[in-house]
Structures are given as structure tokens and as C-alpha cells.
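Hi everyone, thanks for coming. Please have the sequence and the structure open while I talk, and stop me whenever you like.

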Amino acid sequence: MRKSGMTKRRTLAGAAALWLAIFAAPAARGDEPTPEPPAEPAPAPAPHAAHPHTPRKGTEAGQMPHVHPASPQQSKMFHFHHEDMPTGMFGPYPLMRESSGTSWQPESSLHEGLHFARGTWTTMVHGWANAVWDHQGGPRGDEKIFGANMVMGRTHGKFGPGTLGFSAMLSAEPWTIGKQGYPLLLQTGESADGVKPLIDRQHPHDLWMELATSYFISPDPTGSLFVYAGLPGEPALGPPVFMHRMSGEAFPEAPIGHHWLDATHISYGVLTAGLVDGSWKFEGSLFRGREPDQNRLDIEQPRLDSHSFRLSLNPTPALALQTSYGRLHSPEALEPDVDVDRTTVSAVMNASRNGRLVQTTIAWGRNHESTGSNLEAFLLESTARVGRSTWMTRVEQVEKDNLLPPGDPRAGKIYDVDKLSAGYAFDVWPRYPVSFAVGGFASISRTPDELDPVYGKNPVSGMVFVRAVLR
Ligand SMILES: [Cu+2]
């Protein structure tokens, strides 16, 4: 299948912008506005004091103090006082660096949720739920009211010579979205019944999104060797998943490039080993390449038939870079003979000033299918928190060959599609521990002229939502 010269040019422009962002940013380190607080990276703790959590004044050791400022305004920014900052589950660096699975985000990111400490153990509970009215425009559009949600808990502490951790993440989406998914123009991937592919719909997440355990030892003050095992879990592939990075989580919908970048976040069977050296991390995973099936409640048969590698670098507290490669064995049940080589590059950047925080993610992914086609996706998204307001925007360009159902003469042809979304949310009830916001956003989608009879010309869609967040 040929792709247009236009596509190629724009993809190249995207890739160039991404690499520029990656290589220019560390160079510009000195000029960057330093996030505040913390005004500087937390000092690495001594090897045998991996969890130097000192309870804050007024709390007794072992009392599970909340590491939480009282004011909602403050609590929206940074939860930890410098000296309270616990270290991570996979190495002796600030906990804030950790996002979904074993992925890294900038350390100056928001870490919403409830945090507790007891002895050397640190526990975090995080979750959100969106009630959404969804309208997708054009002939392929549809409407639905659904709930998108997740709750996760992580705990880790000293055990023997190292640090032991446990993670669990659950979603009620099998009930609040249902097998058919929710309407989302240009979205593809997985199925509702194991027979027909989901097109223009986003599948629900599984009930069990992560059940994982990890262990690390720290042979020197800034390094670690770690292992992570999940059933399900997230292999070392791609940027932090959209629902866990601040730039993307304010949108209650999934990016249309999800299956190019971060869709492996629920993999039934993951074994990861990694090495951390200061701001660098190198890790490799064995995992099951097949996407979750349409039965969203069960734990599926684990297999380790696919592999991935990821190199991560956090050169400053405000920047997280990664590049990764994965060989996915038979990811789609409906195309069992197709293997996919996935390559991703991403940068997540924070900028913070006067209590405002902006996070921007720029990501590129390519699925090279064993049939020979090369499909690329480009994503740029940004979310700004200013007081009680959240502003969000996302731009995507994806090459899709599965927008037309099997049997259609154009099925398998590659189309270059674009989507632009922008929206706003307001914290109507910014309380602790549950804060409520209302928001909405609009999207415009663009397909090649040839698909006008299918999608209409630039269909406009939108969602209105109420959001509850643990913070
Ligand atoms: Cu997902």
C-alpha cells in the first residue's frame, strides 16, 4: 500500500520535532525554569537507607500519616516536603519519577492520591472516575454515556537486602463501558466478541489492569538492579500510559494512537529486569504479545512469547525521555498471523511557575507489521493546571489500515488520519480526599477525501464529563 508524500513529510516533521525536543532539552537544561518545589532533585539516599521517610511533625512513627497539605490549592501541586520524599519501587531515586508499570515521568510531576508511610514502607492509593457523555459526529458517529475509571495501590519497603514492592490496579470499565466499548471516531484495536474488530470504538480496560510484584537491590547510592513481574503487568515498552501521565489523564478518552504507543500496559504475563544508574535506566521485558481478549473479567493465560527493551533518561527533574523497541507476537486475535515490531520515542516535559504546572508529551511510535506495512503515529498533548482550572489539548496523526471492516474492498489500505482535541475542566469541589471537577472538550477529525463518504468531512465530536479524583 502506498502512502502519500504528504504523510511522509508530516511524519518526518513530527519525528524531527521530537528529536529536536529530546536533544535540545538537555542542552538547554541551565535555562529551564526550575520546578518549585522541589527546587532541586532530592539527594540520593545512602544505600542502606533506601526509605528515609521521616514522619512529619505531629505524627508518630507507625501512625500512617498523610503526606498532605491541608489546602486544596496546595494539594494540587506537590505533596511531599523535600525530606519526606520516599524513594522509588525500582531504585533509589524520588518516588515521583515512577509512573505506570516501570516507566518514568519527570520527578516534578503531580503525584495525586493518598500517601501513607509506616516504618520503611510507603503506600500510595490513586484513582479517578469519569462519568462521560460522549457524542461522536458524522455518519460513523454515535452517542453513549459511560464511565472511565481506575484505582491503583502500590506499596514498597525494605525486605532483606533490598526493597520489595507490590502493585495492583483495577478498573470497573467492564461494567461502566461494556464489551462494545464507547464511540470514538478513528479508534481501532481489539474486539467485543472475538469475531468482529472494534472500529470507531474504544474497548474497556480489563478489571485487572495490574497485579505485580517487584524487588530491587541498590549496590551503590544512585543505582539499582530490579525485577518486576506482573499478571497482568506493563512491559518496558512505550511512554507512561495516557491515563497515568498528567498531560493525558485529564481527557476521559484514549488517544487514537494508543495501539502504537502504550497499549501494552495490560499484558497477561510480564517479566522485566532492569538496571538504574543515576538518571539512566535500561530494562528488558519478556511478555505476552496478545492483547487482552473480550472477556474483561478473567486473568488470561500468561505466556512470554514477546520481548521489549527500553532506555530511559531523566536528565532534569522536569524531563523524562525514553526510546523503546518491542517484538509483539500475534497481538491481535483477529489477525493471529501478524507479528508487530513496535518502536517508540517520547519526551515528557514539565514546566512550572507560580503554582502553574504544564506537562507536555511528544511521542512517536511505529508498528512494523510482519505483512510488510509500516504504520506510524505521532502524538503531542499538553495539560496545564492553573488554580482550579485544567486546560488540555491533544493532536494526533496516525496511519491506519483497519478503518474499514474485513470484506470492504478498501480494507487493508493505509489511510493517514488526524485528530485535534481541546478542552477545559474546572474543580468545582476541590476537597480532600476526593475532588470533583466538571469539564468538556471538542475534537475535530480529518480523513483523506476518499473516506468522506464513510466519515463525512471533518466530523466534530465531543465529550462532557464529571470527574472524581483521589487527591
Ligand atoms: Cu489502554
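Let me begin with a question: is Asp200 buried or exposed? Asp200 is buried, because its relative accessibility is 5%; buried means under 20% relative accessible area, exposed over 50%, and partly exposed in between, using a 1.4 Å probe and protein chains only.

A quick word on the background. What you see is a predicted model, where local features need pLDDT of at least 70 and side-chain atom pairs count only at pLDDT 80 or more, while totals for chains, interfaces and linings use all residues. Residues are numbered from 1 along each chain as its sequence is written, and side-chain values use heavy atoms, with hydrogens and water left out.

Back to Asp200, which sits in strand S6, residues 197–202. Helices (H or I, at least four residues) and strands (E, at least two) are DSSP runs, numbered from the N terminus. Asp200 is not a glycine, yet its phi is positive, near 60 degrees.

Now look at Glu190, in strand S5, residues 182–191. Glu190 is another non-glycine residue with a positive phi, about 65 degrees. Glu190 is buried, with a relative accessibility of 5%.

Next, the loops. Gln105 belongs to the loop between helix H2 (72–75) and strand S1 (114–118). With a relative accessible area of 5%, Gln105 is buried. What does Gln105 touch, leaving out residues up to four places away in sequence? Its contacts (heavy atoms within 4.5 Å) include Met96, Arg97, Leu110, His244 and Asn314. Glu98 is also one of them, and a polar atom of the Gln105 side chain lies 3.5 Å from the backbone oxygen of Glu98.

Lys413 is twelve residues away along the chain, but the C-alpha atoms of Asp401 and Lys413 are 5.1 Å apart. Lys413 is among the contacts of Asp401, and so are Glu369, Ser373 and Gly412.

Last stop: prolines. Which residue is joined to Pro232 by a cis peptide bond? That residue is Leu231, and omega is about -5 degrees. Pro232 lies in the loop between strand S8 (223–230) and helix H4 (246–249). There is also a cis peptide bond from Tyr432 to Pro433, with omega near 5 degrees. You will find Pro433 in the loop between S17 and strand S18 (434–446).

Terms used. A polar contact is a pair of N or O atoms within 3.5 Å; within protein, one must be able to donate a hydrogen and the other to accept it, and residues adjacent in sequence count only if both atoms are side-chain atoms.
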